[in-house]
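Visitor: Please take me closely through one part of this model: the charged side chains, and the helices and loops around them. I would like the cut-offs along the way.

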Amino acid sequence: RDAFEFTPYYLYLVPGLEFVEDYLDYAEQKLGQRVIRLPHPSFYRMLNNAIFQAPERLRTIAALGLGEPSYEDIRDAVIEDCGLPDSCWVASGVRAADSPMRRAALMKNGGLNANRRQFYPCWDWNKERLLNELKAADILLPVDYKVFGRSFDGLDLRFLVKIKEHFPRDYARILEWFPLADMELARYEFWKKSKAVAE
């Protein structure tokens, strides 16, 4: 942020989760500028693929014809809506150490993807260096790391169990958009009971 003018934006997986919004509010105070909130491509993908959707919703979802915007589509929309020059690049905070898929992609291209006009300023950092940089910038990690041990990025068991436990209003909000997400927890409870019986 010392080297460039920037327009921060965040892609949400579920609209209006309080624990996410609280951190975005904090980030706005620290950065001194608004963080634009937009739906993540996975939000559209989950709706279009009926992930955790009740059957009676499927016709409505299909009728909406939501499409599935790419990251490039979102970048272009931000540029247009904010009146930025088309030559803008996107900086992403992903690291090669985040997952095997990210490692493969980032090792192939390094910290730069010219075709997508995207760069990854901390792609080759380890966790210690990242935490030290955040500490030096006086920026706290989001509550995600305390609750999940990582960033919130899915509606699978790893996150749903903890969200229901720690953020019940956010869990209720998830059920508004994905009403059958409780099935993920029900499968887990069934597995625990069947494992106990087997022992």
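**Salt bridges and their surroundings**

Guide: Let's begin with Lys30 and Asp138, whose side chains meet in a salt bridge at 2.9 Å, N to O. The pair ties together distant parts of the chain, with Lys30 in helix α1 and Asp138 in the loop between α6 and α7, 108 residues apart. A salt bridge here is a side-chain nitrogen of Lys or Arg within 4 Å of a carboxyl oxygen of Asp or Glu. Helices are DSSP runs (H or I, at least four residues), strands are E runs of at least two, and both are numbered from the N terminus.

Before going on, please keep in mind that this is a predicted model: local features need pLDDT of at least 70, side-chain atom pairs count only at pLDDT 80 or more, and totals for chains, interfaces and linings use all residues. Residues are numbered from 1 along each chain as its sequence is written, and side-chain values use heavy atoms, leaving out hydrogens and water.

Lys30 has a relative accessible area of 33%, which means that it is partly exposed; that class lies between buried (under 20%) and exposed (over 50%), with a 1.4 Å probe and protein chains only. Its partner Asp138 follows α6 and has a positive phi, near 60 degrees. At the other end of that helix (residues 127-136), Asn126 caps the N terminus, with a side-chain oxygen 3.2 Å from the backbone nitrogen of Glu128.

The structure holds 16 salt bridges, so let me show you two others. Asp156 and Arg158 join through their side chains at 2.8 Å, N to O. Both are partly exposed, Asp156 at 24% and Arg158 at 45%.

Glu176 and Arg173 form a salt bridge of 3.0 Å, N to O, within helix α9, where they sit three residues apart, about one turn of the helix. Glu176 is partly exposed at 46%, and Arg173 is partly exposed at 26%. Elsewhere, salt bridges that share partners join Glu21, Asp25, Glu28 and Arg37 into one network.

Helix α9 (residues 168-177) also holds Asp170. Asp170 is buried yet has no salt bridge, and Arg169, the nearest side chain of opposite charge, is 6.5 Å away; for this count Lys and Arg are positive, Asp and Glu negative, and His and the chain ends are left out. Beyond residues up to four places away in sequence, Asp170 touches Gly16, Leu17, Glu18, Phe19 and Ile163, where contact means heavy atoms within 4.5 Å.

Val14, in the loop between β1 (9-12) and α1 (18-31), brings us back to Arg173, one of the residues that it touches, along with Leu155, Ile174, Trp177 and Phe178, again not counting residues up to four places away in sequence. Val14 is buried, at 4% relative accessible area. Its C-alpha atom is separated by 10.0 Å from that of Leu175, 161 residues apart along the chain.

Technical notes
Polar contact = N/O pair within 3.5 Å; in protein donor to acceptor, adjacent residues only side chain to side chain.
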